Amino acid sequence: MIRLTNITKEYGEHRALDDLNLHIKVGEFVFLVGSSGAGKSTLMRLIYREELPTDGEILVGGIDVTKIKYSQVPQLRKCMGMVFQDFKLLTNQSAYDNVAYVIRALGMSTKEIDMRVKGALKVVGLLHKIDAKPSELSGGEQQRIGIARAIVNGPPLLIADEPTGNLDPQTSLEIMEILEQINLRGTTIVVSTHDQAIVDRFKKRVVTLESGKVIRDVYSGTYE
Ligand SMILES: Nc1ncnc2c1ncn2[C@@H]1O[C@H](COP(=O)(O)OP(=O)(O)OP(=O)(O)O)[C@@H](O)[C@H]1O
Ligand SMILES: [Mg+2]
């Protein structure tokens, strides 16, 4: 699903990723861990082509994302959902519209959009909050909307950068259980986190970064 080969990313003099290699197979659930500044967010931004590497190759679903034209980025993003620590919801729009927003641009019929949005809201257990605005929702509920938005198009890949960074332990657990369910339905998932309790509990593949390199990569792993 994702293959990073000899990836280096430099910001001026600073090397955020240093000749990094990583292969993530279809259907995997991977926790990306490591201290602040280790390069987790940088790695994720490269995967969804928010930024380009200084050097190296990034294959996502067989496509080298470093080679595609900027105009092809929306096409690439159709194949992946993104979830962010700060949710990035449209504040004056309802839950429904936040989730529908992405697929309205794709030229689907209103009926198809309606079916998909309700389906995604059902996966995250928030059908009953369909008309609520983000300000009327808890942090955990807002993140569920963020997840519904990310999966509404049925992408094969979901990338989540510290999705529970702003949530309490119980809510974090619920969010991670939703991601696990989505993974069980076949979606490949990469989640960066500092949450040791979560990582230890879920026993997934754990990839640890340090100074822009993979220093540990274990299956059914723990935080350290
Ligand atoms: N746009 C940028 N310009 C300059 N330096 C950057 C930029 N983005 C990241 N960096 C640097 O690259 C390194 C890796 O940052 P990154 O955000 O990937 O770390 P992280 O592992 O996600 O950390 P955290 O756990 O705090 O989110 C850091 O030293 C950071 O200061
Ligand atoms: Mg980060």
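My entries below go from the ligand to the strands.

**Entry 1: the model.** I noted before anything else that this is a predicted model.

**Entry 2: around ligand 1.** Which residues come nearest to ligand 1? I found 14 residues around ligand 1, and Ser-36, Gly-37, Lys-40, Thr-42 and His-194 come nearest. I then looked up the polar atoms. A polar side-chain atom of Ser-36 is 2.5 Å from an oxygen atom of the ligand. For Lys-40, an N or O atom of the side chain lies 2.7 Å from an oxygen atom of ligand 1. Gly-39 takes part through its backbone, with a polar atom 2.9 Å from a ligand oxygen. I also checked the cover: on its own ligand 1 has 640 Å² of accessible area, and the protein covers 63% of that.

**Entry 3: who supplies the shell.** Two elements give two or more residues to the shell around ligand 1, namely β2 (14-24) and α1 (40-47). Of the elements, α1 gives the most, with four residues. Sorted by class, I get eight polar, three charged and three nonpolar residues in this shell.

**Entry 4: helix α1.** I stayed with α1 and asked how many of its residues are buried. Six of its eight residues are buried, so I wrote the helix down as mostly covered. The buried ones are Lys-40, Thr-42, Leu-43, Met-44, Leu-46 and Ile-47. A reminder to myself: an α-helix has 3.6 residues a turn, so residues three or four places apart point the same way. Just after α1, I spotted Arg-49 with a positive phi of about 60°.

**Entry 5: Arg-205.** Next I went to Arg-205, which sits in strand β9 (residues 205-210). Is Arg-205 buried or exposed? Arg-205 counts as buried because its relative accessibility is 5%, and the cut-off for buried is under 20%. Its side chain reaches the backbone oxygen of His-23 at 2.8 Å. Leaving out residues up to four places away in sequence, I listed what Arg-205 touches; among them are Leu-22, Glu-28, Phe-31, Asp-217 and Tyr-219.

**Entry 6: the neighbours of β9.** On one pairing, strand β3 (residues 29-33) runs parallel to β9, joined by four bridges. Here Val-30 stands opposite Arg-205, and Val-30 is also one of the residues that Arg-205 touches. The other pairing I checked is with strand β10 (residues 213-218), which runs antiparallel to β9 over five bridges. In that pair, Thr-208 stands opposite Arg-216. The hairpin of β9 and β10 has two residues between the strands, and Ser-211 takes a positive phi near 45° there.

**Entry 7: on to β8.** From β3 I followed the pairing to β8, which is parallel and has four bridges. The bridge partner of Phe-29 in β8 is Ile-189. Strand β8 (residues 188-192) has five of its five residues buried. I looked at which way they point: Thr-188, Val-190 and Ser-192 go one way, Ile-189 and Val-191 the other, and all are buried.

**Entry 8: last stop, β7.** Which strand do five bridges join to β8? I found strand β7 (residues 157-161), running parallel to β8. For that pairing I noted Asp-161, which stands opposite Ser-192.

Technical notes. Residues numbered from 1 in each chain as written. Chains lettered and ligands numbered in written order. Predicted model: local features only at pLDDT ≥ 70, side-chain atom pairs only at ≥ 80, totals over all residues. Heavy atoms only, no water. Buried < 20%, exposed > 50% of the residue type's maximum accessible area, 1.4 Å probe, protein only. Polar contact = N/O pair within 3.5 Å; in protein donor to acceptor, adjacent residues only side chain to side chain. Contact = heavy atoms within 4.5 Å. Near = heavy atom within 4 Å. Areas by Shrake-Rupley, 256 points an atom, 1.4 Å probe, with all protein chains shown as cover. Nonpolar A, V, L, I, M, F, W, Y, C, P; charged D, E, K, R; others polar. Pairing = 2+ DSSP bridges.
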